[in-house]
Amino acid sequence: ERILGICDVEFNFVSFEEVTPFFKKIINLFKQMNYSEFESDEFRNFDNEIDTLILERKG
Amino acid sequence: METTAFQKIYTKISRVTKATCSLHAIGVGYEEMAVVNGRRAQVVKIVGDEVTLQIFSGTEGVPTNAEVIFLGKPPTLKVGEELSGRFFNSYGDPIDGGPSVDGEEREIGGPSVNPVKREQPSKLIATGIAGIDMNNTIVTGQKIPFFADPDQPFNQVMAMVALRAEVDKIILGGMGLTNDDYLFFKNIFDSAGALDRIISFVNTTEDPPVERLLVPDMALTAAEYFAADKNEKVLVLLTDMTLYADALSIVSNRMDQIPSKDSMPGSLYSDLAKIYEKAVQFPTGGSITIIAVTTLSGGDITHAIPDNTGYITEGQLFLRRDTDIGKVIIDPFRSLSRLKQLVIGKQTRTDHPQVMNAAIRLYADAANAKTKLENGFDLTDYDERSLKFAKDYSDQLLAIDVNLDIDKMLDTTWELFKDNFKPEEVGIKKIFMDKHWNS
C-alpha cells in the first residue's frame, strides 16, 4: 500500500533527467527499510525519510 | 602384466567388433580385467556364458584364436604415500620412469561415500580469482565444473586454481590431453615446487581413447585413500569430461546399444554421477573436492554432456572472453556456486554477500546499457557510468589473471562503487555503507 500510494502522487520535476535519481533514492530507502527490523526505530526513520523526500517534489 | 600359474587360457573368440570381442567363458565377473592377445581388456557384458570384452587399444590384428586370460579381478590401484609426485597412465602404471608403487591394492570405481558418513561442506577454498572467490565461492567437498569453449585456456585456469588452493593433495585426471597440455601441467607444477603433492593420471591423445574411462576412477581411488585414510584435503582436477563422455559413447555404440540424446549412452547421467558423487566432506577433516572441465561444442549448454553435468554438480564456472577488455573472465551471469551461501559473510567479511550482489546487479545494468548502445539509443549518465564500472570490474576482478585475497577483492569493489556511483544507486545496507563508503 505504501508503494502504491507513492505511485498515485503527482510530482514536479524540472527535467526528465531528475526523475531517475529521485526514484533511485526512494528505492534505496525502501531497501534500507527491508534490511531493518520491522517497526524498529531504524525502520521508522527510513520511512520518515521517504515522506520527506516525497514532500520535496510533491505537486 | 601379472599372471599366475595354472590360469585358464581361452583361445576361441566367437565375435570381434571394432573395440570388443566376445567368447564363451565361465566364472568371470563383470568389469574383470583380462589380457587379449597381449592387450588389456575389461569385461563389459555377460549374457549367460557369453562374455564381451572391451579391448582398450582396439581389436585391429586380434585373431579369433587369440589367447584370452582373465585376471580374476577388476582394475585396481596400489595406494600409498609413494603416489605423491608421480605420473601414471590410465592403468596406474608409472610413466615418469620411476618404480611401481608398492602399497595396498584397492579396486577402483567403488561406490560413493555413505550419506550418513558425510558432513555438510563448510570450509572455503580460496583461489585468488575474484570470479570464483567473490561471486561463486567454492568449498571443500564441492563438485563444480568449468564450462568453456575448446579454445579457452581452461587448463591454465585449472592449474592456477590447483596451485593457489590450500589443499594437501592435488590429483590430476587428464583425459585426451595433448602432449603440450601434459607438459604444461608437468612444468607448471614442477616450477611451482608443488610436484610433491600432486598425483597425475594421464591419458594423452596418443593413447587409445577408450582407456580414458579408467582415469577418473583411478584418480578418485587415490583421492579416497588420502581423504578417508589420511584425513587430508584433496582436490581432484578432471580434464576434459567431454572427451570422457565421448569415450563412453564409442564403447556404447560398438556394443550396439541404442543411443540416447546427442549419440550419448542412455546411462550418461549415471556414468557422470558415479564420478561426481565421490566429492565429500568427512567429519574427520578429510575432503574430496572435484573441479572438472566440460568443454562445450559451440557454446551449447543444452548438449547432453553439460546438461546432465549441470544437474549433478553444485553449480558451474563459465569461462568466456570479454571483448571489451580482451581477457577471459568467469562470466558472472552464467556461473553459480550453489554452496557459496555456506561461507560468504560467515568465513569471509560480513559485507561480502551485499557487495557481491550489488556488483552483479550493477554489472547487469551495464549489460542493458550496452544493448542500448548497440541498438543506437541515447545513453543516460547512469548508463555511461555503468559501462565504465563494468569495464573496470571485468578488468580488475573478473579476469582470470587477477590474484587477490578476498578482502582485497571486496575493497577493490568498494572503490569501483565509489568511483562510478552515488550511494543510493548501490543499494547496500547502511551499516556497511557507513563503514566502507564513508571511511
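How many bridges join strand E4 (residues 33-36) of chain B to strand E7 (residues 68-70) of chain B? In this predicted model, in which local features need pLDDT of at least 70, side-chain atom pairs count only at pLDDT 80 or more, and totals for chains, interfaces and linings use all residues, residues are numbered from 1 along each chain as its sequence is written. Chains are lettered from A and ligands numbered from 1 in the order in which they are written, and side-chain values use heavy atoms, with hydrogens and water left out.

Strands E4 and E7 of chain B are joined by three bridges and run antiparallel. One of the residues involved is B:Ala34, whose bridge partner in E7(B) is B:Phe70. Both strands belong to an open sheet of seven strands in chain B, ordered E1-E7-E4-E5-E6-E3-E2, with antiparallel pairing. Two strands are taken to pair if DSSP finds at least two bridges between them; strands (E, at least two residues) and helices (H or I, at least four residues) are DSSP runs numbered from the N terminus. Strand E1 (9-10) and strand E2 (13-16) of chain B stand at the edges of the sheet with a single partner strand each, so one side of each has no neighbour there.

Chain B is divided into domain 1 (8-70), domain 2 (76-339) and domain 3 (352-436), with bounds that come from an automatic or database domain assignment. The C-alpha centres of domain 1 and domain 2 of chain B lie 30 Å apart. Contact (heavy atoms within 4.5 Å) links 13 residues of domain 1 of chain B with eleven residues of domain 2 of chain B. The two domains bury about 1,000 Å² between them, 63% of it on carbon and sulfur atoms; buried area is the accessible area (1.4 Å probe) that two parts lose on being put together, summed over both. Of the area that domain 1 of chain B buries against domain 2 of chain B, 48% is supplied by B:Arg40, B:Gln54 and B:Phe56, more than by any other three residues.

One salt bridge is counted between domain 1 and domain 2 of chain B, a salt bridge being a side-chain nitrogen of Lys or Arg within 4 Å of a carboxyl oxygen of Asp or Glu. B:Arg40 forms a salt bridge with B:Asp93, the closest N and O atoms being 3.0 Å apart. Strand E5 (residues 39-47) of chain B gives four residues, the largest share, to the side of domain 1 that touches domain 2. The residues of that side comprise four nonpolar, five polar and four charged; Ala, Val, Leu, Ile, Met, Phe, Trp, Tyr, Cys and Pro count as nonpolar, Asp, Glu, Lys and Arg as charged, and the others, Gly among them, as polar.

Chain A has three helices and zero strands, and its C-alpha trace spans about 35 × 20 × 15 Å along its principal axes. Eight residues of chain A are in contact with ten residues of chain B. Between them the chains bury about 840 Å², 55% of it on carbon and sulfur atoms. B:Glu424, B:Gly427 and B:Lys430 supply 51% of the area that chain B buries against chain A, more than any other three residues. On the side of chain B that touches chain A, helix H8 (352-374) and helix H11 (423-426) of chain B each supply at least two residues. The residues of this side divide into two nonpolar, two polar and six charged.
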